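Try each one yourself before you read the solution.

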Amino acid sequence: MKIYYYSLFLISLLLSAIYGSMYRKRFNVLITLLFILIPPTTLGYALLYTSTHINEAIIAIKITYLGGCFLNLFMVYTIFDLSDIKIKKIYQILLLIISCFSFLSALTIGDSSIFYKSI
């Protein structure tokens, strides 16, 4: 299983590097954000699987929540953009604020009981 997680990380890193080498200013910024966020998220899952101490697992969980909070949102925005579905800026900002709040609460894991009561 360890090979699986690290191979997924390497594949996502390779594909992001290929995308980065092909990057032009006309590319959709949301797709670029997806390519930026996927490698750290897959690395977080690999680190979580290989963690041996609780502190390592907490850091890995925090890294995975980066993708968990923002990847879905950016994917929805990308789908809306590619489908020519317009949503108001206020709703986009509101959803981004909710995702940021969710991620910031996830950063308290291990320090307070806001997100998890116990680990």
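A crossing is called left-handed if the near helix is turned anticlockwise from the far one by less than a right angle, and right-handed if clockwise. Keep that in mind, and remember that this is a predicted model.

**Exercise 1. Work out how α1 and α2 are arranged: at what angle do their axes cross?**

Step 1: Find helix α1 at residues 2-22 and helix α2 at residues 29-50.

Step 2: Compare the axes of α1 and α2, which come within 9 Å and cross at roughly 160°. Angles over 145 degrees count as roughly antiparallel, so α1 is roughly antiparallel to α2.

Step 3: Apply the definition from the start: the crossing of α1 and α2 is left-handed.

Step 4: List who touches whom. The contact includes Tyr5, Phe9 and Leu13 of α1, and Phe35, Ile38 and Leu43 of α2.

Step 5: Sort the contact residues of α1 with α2 by class, and you get 16 nonpolar, five polar and one charged.

**Exercise 2. Now do the next pair: how close do the axes of α2 and α3 come?**

Step 1: Helix α3 covers residues 54-82, and its axis comes within 8 Å of the axis of α2.

Step 2: The two axes cross at roughly 155°, which means α2 is roughly antiparallel to α3.

Step 3: Check the hand: α2 passes α3 in a left-handed crossing.

Step 4: Sort the residues in the contact of α2 with α3. There are 20 nonpolar, five polar and no charged ones.

**Exercise 3. Finish with α3 and α4: which residues meet?**

Step 1: Helix α4 spans residues 89-106; its axis and that of α3 come within 9 Å and cross at roughly 170°. So α3 is roughly antiparallel to α4.

Step 2: Pick out the partners. Among them are Leu66, Phe70 and Tyr77 in α3, and Leu95, Cys100 and Phe103 in α4.

Step 3: Sort once again: the contact of α3 with α4 has 13 nonpolar, three polar and one charged residues.

Conventions. Residues numbered from 1 in each chain as written. Predicted model: local features only at pLDDT ≥ 70, side-chain atom pairs only at ≥ 80, totals over all residues. Heavy atoms only, no water. Axes fitted to C-alpha atoms, helices over the stretch in contact; angles between N-to-C directions. Helix = DSSP H or I, 4+ residues; strand = E, 2+ residues; numbered from the N terminus. Parallel < 35°, antiparallel > 145°, perpendicular 65-115°, else oblique. Nonpolar A, V, L, I, M, F, W, Y, C, P; charged D, E, K, R; others polar. Contact = heavy atoms within 4.5 Å.
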